[in-house]
Amino acid sequence: MNILVTGGNGQLGNSLRVASRKSNDHYIFTDIWDLDITDPEAVETFIRNEKIDLVINCAAYTNVEQAEEDRERAEALNATAVGTLARAMASRHGFMIHISTDYVFGGEVTNKPFTEDAAPAPLNVYGLTKLHGEEALTASGCRHVILRTAWLYSEFGVNFVKRMLHLTETRPELNVVFDQIGTPTYAADLASVIFKICEERLYEGHEGLYHYTNEGVISWYVFACAIARIAGHTECKIRPCRSEEYPTKAVRPNFSILDKSKFKKTFSIGIPHWETSLERCINNLKG
């Protein structure tokens, strides 16, 4: 089977590179300089010439702050391009696995984890454009699985874990928000899940929308404290602060916990706790 992974140089794309080394399928990893997914003709030609059977769409405009000022580009990558990929795959009777986000939620007042049938209410441009991407894929007629995830980190690229490792090592004190609650997700765990779904063709007969994060629930403050503790950066004083004390262009959800019950019931794949996975990632980074 020929599998196209878009966004191949991002956190999840690179994690899938590692996972796919033991596959008998043919994985093709692309990024913007290999394939411009905002160009419909280029997408159709590439998918046809490479005889792509399945697309794993990891490509996205993920700079939440910059998206507020660059809405057109965020919409092009997070929504329009998703529809382009999906229509190209639908014409080949192929399949698509698309990665979405907990940020499609946030505008509701709730203390219950969001199920897949909860009404989306994004608070920022990033979340809105990712929701539009989900809608474009659903409307395309392409067979698909959408995986919403949250707070992604890894050994690759720029992310909260790597930033906190640097700051807690180089600064005497640090303020981190305590009133935004969610679940971190190690990209290697998500990549392993996607790889298993592809290898065992578990997507067949299980089309639809699913939630996947690591287990557990924490704030960014607790996450930062755990990063410093595991790394041995005990000299830095980490203080909790409210979101209004740390103003940003984009409003973040105060609560975006995803209910994973449907995923667990459907795929019967074990999910590691966030702290176990965080230790793995930090040990890999230190190694």
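Predicted model: local features only at pLDDT ≥ 70, side-chain atom pairs only at ≥ 80, totals over all residues.
Residues are numbered from 1 along each chain as its sequence is written, and side-chain values use heavy atoms, with hydrogens and water left out.

Helices (H or I, at least four residues) and strands (E, at least two) are DSSP runs, numbered from the N terminus.

Strand β1 (residues 2-6) pairs with β2 in the parallel sense over four bridges, and the bridge partner of Leu4 in β2 is Ile28. Contact here means heavy atoms within 4.5 Å. Strand β1 also pairs with β3 in the parallel sense over four bridges, with Val5 opposite Ile56 in β3. Strands β3 and β4 run parallel and are joined by four bridges; Val55 stands opposite Met96 in β4. Buried denotes under 20% relative accessible area, exposed over 50%, and partly exposed the range in between (1.4 Å probe, protein chains only).

Thr30 lies in the loop between β2 and α2 (40-49). This residue is buried, with a relative accessible area of 3%. Leaving aside neighbours within four places in sequence, Thr30 is in contact with Leu4, Val5, Thr6, Gly7, Gly8, Leu35 and Phe46.

Helix α7 (187-199) has 13 residues, which should span 18 Å at 1.5 Å a residue, and its end C-alpha atoms are 18 Å apart, in agreement. The expected span of a helix is 1.5 Å times one less than its number of residues. The buried residues in α7 include Leu190, Val193, Ile194, Phe195 and Ile197. Just after α7, Arg201 takes a positive phi of about 55 degrees, in a residue other than glycine. Arg201 belongs to the loop between α7 and β10 and counts as partly exposed at 31% relative accessibility.

Helix α8 (residues 220-231) has twelve residues and reaches 16 Å from its first C-alpha to its last, close to the expected 16 Å. Its buried residues are Trp220, Phe223, Ala224, Ala226, Ile227, Ala228, Ile230 and Ala231. These residues pack against β6 (152-153), α6 (160-170), β7 (173-177), β11 (218-219), β12 (237-241) and α10 (274-286). Just after α8, Gly232 takes a positive phi of about 80 degrees.

A search of the whole structure finds 17 aromatic pairs. Rings of Phe, Tyr and Trp (its six-membered ring) pair if their centres lie within 6.5 Å; planes under 30 degrees apart count as stacked, over 60 as edge-to-face and the rest as tilted. One of the pairs, Phe160 with Phe223, is stacked, at 5.4 Å centre to centre and 15 degrees between the planes. This pair links distant parts of the chain, with Phe160 in helix α6 and Phe223 in helix α8, 63 residues apart. Both Phe160 and Phe223 are buried. Ring pairs join Trp151, Tyr153, Phe160, Tyr186, Trp220, Phe223 and Trp274 into a cluster.

Within this cluster, Trp151 is located in the loop between β5 (143-149) and β6. Trp151 has a phi near 45 degrees, a positive value in a residue other than glycine, and counts as buried at 9% relative accessibility. Elsewhere, the charged end of Lys262 sits over the ring of Tyr210, 4.6 Å from its centre. A charge is assigned to this position if NZ of Lys or CZ of Arg is within 6 Å of the ring centre and within 35 degrees of the ring normal.

Notes: Pairing = 2+ DSSP bridges.
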